[in-house]
Amino acid sequence: LAKLHSRDFITVDSHDHPDWKRTLRRWRAQDRLIYTVAFLLLLGCMLFNLTFIANVSAHDGTRWFVCVVTSMAQTVLGVPLLMTIVTLSASVLARSSAKVKQETQLLFLGEEDEVASDDGKQTSI
């Protein structure tokens, strides 16, 4: 599927050029094929899940549902929340370090000779 969706920029004289129209037709056909395959794959997954749920007891189906919801919550909410907390903590710790401030100013401001300190005074390195 990835090979179907690889596209390059092309230059044409006008939007009525035959090469442009042929390229658009080919891209639209590729898009339709990708959407069709993805839809069929989704239907297959739904059929598999529904078949599984239909063949287990109500108690096991409920337990499976709880596991699915828990897994989705961890993926959608837990991982981004954890990454945010880790990034924020690292930023707070780095902000309190004078050496990190100095290296950041050197990296982004490119001033090796003079770097402004927190109190506004220029200091030489």
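Predicted model: local features only at pLDDT ≥ 70, side-chain atom pairs only at ≥ 80, totals over all residues.
The side chains of Glu103 and Lys99 meet in a salt bridge, with 3.3 Å from N to O. How accessible are the two partners? Glu103 is partly exposed, with a relative accessible area of 40%, whereas Lys99 is exposed, at 52%. The two fall into separate classes because a residue counts as exposed over 50% and as buried under 20%, with partly exposed in between.

Helix H3 itself covers residues 98-109, which makes 12 residues. From its first C-alpha to its last, H3 reaches 16 Å, close to the 16 Å expected at 1.5 Å a residue. Just after H3 comes Gly110, which takes a positive phi of about 70 degrees.

How many salt bridges does the structure hold? The count is two. The other pair is Arg22 and Asp19, whose side chains meet at 2.3 Å, again taken from N to O. Arg22 and Asp19 both lie in helix H1, three residues apart, about one turn of the helix. Arg22 has a relative accessibility of 47% and therefore counts as partly exposed. Asp19 is partly exposed as well, with a relative accessible area of 34%.

Which residues of H1 are buried? Trp20, Thr23, Trp27, Gln30 and Ile34 are buried in this helix; each of these therefore has under 20% relative accessible area.

Other residues contribute to the surface. Phe39, Leu40, Leu42, Leu43 and Met46 form a nonpolar patch there, and together they have about 500 Å² of accessible area. With a relative accessible area of 54%, Leu40 is exposed. It can belong to a patch because patches are made of residues with over 30% relative accessible area and no salt bridge.

The cysteines raise a further point. Cys45 counts as partly exposed at 41% relative accessibility, while Cys67 is exposed, with a relative accessible area of 54%. How many disulfides are there? A disulfide requires a pair of cysteine sulfur atoms within 2.5 Å, and by this rule the count comes to zero.

The separate features may now be placed within the whole. The protein has three helices and two strands, and from the N terminus on these elements run α-α-α-β-β. Of the 125 residues in the protein, 6% are buried. The protein exposes about 11,000 Å², and carbon and sulfur atoms supply 65% of this area. Contacts along the chain complete the picture: among those between residues at least 6 apart in sequence, 18% join residues at least 24 apart.

Definitions and conventions:
Residues numbered from 1 in each chain as written. Heavy atoms only, no water. Patch = residues over 30% accessible without salt bridge, like charges linked within 9 Å, V, L, I, M, F, W, Y side chains within 5 Å. Areas by Shrake-Rupley, 256 points an atom, 1.4 Å probe, with all protein chains shown as cover. Salt bridge = Lys/Arg side-chain N within 4 Å of Asp/Glu carboxyl O. Buried < 20%, exposed > 50% of the residue type's maximum accessible area, 1.4 Å probe, protein only. Helix = DSSP H or I, 4+ residues; strand = E, 2+ residues; numbered from the N terminus. Expected span 1.5 Å × (residues − 1). Contact = heavy atoms within 4.5 Å.
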